[in-house]
Amino acid sequence: MENKELLENTITGEIIDLLRSNISADELIEALDDYHENDIAEAYEALDKEDRQRLFGILGAERLSEIFPYIEDVGEILAEITPEQAADVLENMDADDAVDALEDIEDEEQREQLISLMDKEASADVRLINSYDEDEIGSMMTTNFIVVGKNFSVKQAMRSLISQSKDNDNINTIYVEDEKKKYCGAIELRDLILARDYTPLEDIISHSYPSVKADALISDTIEDLKDYAEDSIPVLNPADEIIGVITSQDIVEAVDDELGDDYAKLAGLTAEEDLNESLVDSIRKRMPWLALLLCLGLITSTVVGVFEQVVASIAIVVVFQSMILGMAGNVGTQSLAVTIRVLMDEEISGVEKAKFIFKEMRVGGTNGLLLGSLAFVIVALYLHFFKHYIWMVAFKISGIVGCSLFIAMLVSSFFGTIIPIFFHKIKVDPAVASGPLISTVNDLVAVLTYYGLASLLLVGRI
């Protein structure tokens with residue numbers, strides 16, 4: 001890691017020296033061709049405002065449009081140049097990168113001004129992407145793609161590819177539309193290059209190539225898109241016309257966002273928190289769930305209070321409470337995570353859900369039986385050798401611990417599965433509602449099981 005950081009610092013330093021040097025514009029542009037845009041972006045950010053403004057005239061809008069997508073807060077950089085210059089940079093970017101850059105500008109009027117200053121085609125692409133909600137596929141697509149006609153010859157398709165590649169560099173997959181502009185398949189670049197002039201284009205079109213609707217929800221489709229492992233997948237409007245593509249990089253980012261969002265939801269939050277989020281916003285997100293969990297926790301504490309006689313007469317049982325609660329919570333969380341993944345398949349039937357619940361209970365019960373048996377032996381040994389209980393009493397207490405562990409893990413696997421299925425059925429996000437609720441319900445079940453068995457089998461008997 002240190003070597004990597006040292007290498008990055010060395011490269012950044014080299015680029016900064018280049019950018020600040022007095023070499024000619026042509027020499028500077030040629031020298032920068034040896035570096036990746038991400039490294040150039042880091043060096044560009046490290047310069048002061050005056051140096052950046054000077055470099056704008058040297059590098060030009062087209063070169064900077066390749067660098068700016070790698071800048072963390074590009075809105076601040078765009079604010080340093082004139083609106084006309086900023087619009088020139090934005091219109092040379094891929095449409096999705098331009099949308100991301102515009103989102104960094106907080107002033108809505110300023111954003112609209114920049115869009116209006118962009119050329120007609122670029123502004124239309126930006127408005128198209130912005131027309132979709134942020135949870136829809138269309139909001140993350142790019143308009144950088146190649147499309148040819150179904151009735152083209154191989155030679156015509158190649159000429160069209162060459163012509164379009166001046167403005168669109170996403171050329172590994174060429175999409176095909178019919179005479180009515182409807183999407184009808186895709187061609188791999190390799191197949192087009194190897195095809196003979198007399199080969200019918202129809203012979204190299206993959207009609208089963210996947211596509212996705214622009215208004216489809218990201219959360220509902222991202223797993224399927226990931227499984228295809230294609231460089232890009234076409235995005236269609238309701239008329240089945242191709243209006244954009246979603247690239248593999250977009251899919252990776254979407255999966256990362258979904259995982260982060262789901263992780264936050266499992267903690268009882270409604271969205272992933274940002275480092276710059278205000279104190280009030282963080283409290284507002286967390287407080288409702290914490291208040292609900294406090295109420296449920298009070299119920300659990302009340303149940304413990306019911307068994308006060310057990311604690312008073314056999315105080316040692318309190319020692320093993322946290323172990324049983326912890327294992328029940330772990331099993332419930334495991335079942336929840338698996339269930340949420342299964343529920344992403346909207347076509348799963350009721351019978352399949354029932355089989356899945358039964359399977360999870362078998363897994364939880366088997367693990368509970370194994371761990372309960374292990375706890376039965378280990379707790380007995382601990383009580384006899386370290387707490388000096390006679391063997392009979394030690395095994396009675398360890399038996400209660402082992403049985404409680406088995407029952408708690410079995411029931412927790414059931415609740416960890418049935419609760420998210422129930423919330424999914426009533427159209428409530430199971431990731432948001434299930435996590436905190438399952439933890440508290442599992443605690444309640446474990447406490448009732450453990451102290452109930454202890455009350456029935458131990459009080460007055462040892």
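This is a predicted model: local features need pLDDT of at least 70, side-chain atom pairs count only at pLDDT 80 or more; totals for chains, interfaces and linings use all residues.
Strand S5 is largely enclosed by the rest of the structure, because five of its five residues are buried. The protein chain holds 19 helices and six strands. Of its 462 residues, 44% count as buried. Among contacts with a separation of 6 or more, 66% come from residues 24 or more positions apart.

**The sheet around S5**

- S5 covers residues 232-236 and belongs to an open sheet of three strands, ordered S4-S5-S6, with mixed pairing.
- Strand S4 (212-213) and strand S6 (242-247) are the edge strands; each has a single partner strand, so one side of each lacks a neighbour in the sheet.
- Which way do the side chains of S5 point? Ser 232, Pro 234 and Leu 236 point one way, Ile 233 and Val 235 point the other way, and all of these are buried.
- On one side, S5 pairs with S4 in the parallel sense over two bridges, and Val 212 stands opposite Val 235 of S5.
- S5 and S6 run antiparallel and are joined by five bridges; Leu 236 has Ile 242 of S6 as its bridge partner.
- S5 and S6 also make a hairpin with five residues between them, and Asp 240 in that turn has a positive phi of about 65°.

- S1 and S2 pair in the parallel sense over four bridges, and Val 147 has Tyr 175 in S2 as its bridge partner.

- Which residues of helix H10 (residues 154-164) are buried? They are Val 154, Ala 157, Ser 160, Leu 161 and Gln 164.
- As background, an α-helix has 3.6 residues a turn, so residues three or four places apart point the same way.
- Arg 159 and Ile 162 are exposed, and they sit on the face of H10 turned away from its buried side.
- The packing partners of the buried residues of H10 are strand S1 (146-149), strand S2 (173-177) and helix H11 (189-194).

**Where H7 meets H9**

- Two packed helices are described by the angle between their axes and the distance between the axes.
- How do the axes of helix H7 (residues 95-103) and helix H9 (residues 120-130) cross? They come within 9 Å and cross at roughly 70°.
- With that angle, H7 is roughly perpendicular to H9.
- H7 contributes Ala 95, Asp 96, Ala 98, Val 99 and Leu 102 to the contact, while H9 contributes Asp 125, Val 126, Ile 129 and Asn 130.
- By type, the residues in this contact of H7 with H9 divide into six nonpolar, one polar and two charged.

**Two buried residues to look up**

- Glu 80 is found in the loop between helix H5 (74-78) and helix H6 (83-92).
- Is Glu 80 buried or exposed? Glu 80 has a relative accessible area of 16%, so it counts as buried, the cut-off being under 20%.
- Leaving aside residues up to four places away in sequence, Glu 80 touches Lys 49, Arg 52 and Gln 53.
- Ser 335 lies in helix H16 (residues 321-343).
- The relative accessible area of Ser 335 is 2%, so this residue is buried too.
- With residues up to four places away in sequence again left out, Ser 335 touches Glu 360, Ser 413, Gly 416 and Thr 417.

Conventions. Residues are numbered from 1 along each chain as its sequence is written. Side-chain values use heavy atoms; hydrogens and water are left out. Two strands pair if DSSP finds at least two bridges between them. Buried means under 20% relative accessible area, exposed over 50%, partly exposed in between (1.4 Å probe, protein chains only). Contact means heavy atoms within 4.5 Å. Axes are lines fitted to C-alpha atoms, for helices over the stretch in contact, and angles run from 0 to 180 degrees between N-to-C directions. Angles under 35 degrees count as roughly parallel, over 145 as roughly antiparallel, 65 to 115 as roughly perpendicular and the rest as oblique. Ala, Val, Leu, Ile, Met, Phe, Trp, Tyr, Cys and Pro count as nonpolar, Asp, Glu, Lys and Arg as charged, and the others, Gly among them, as polar.
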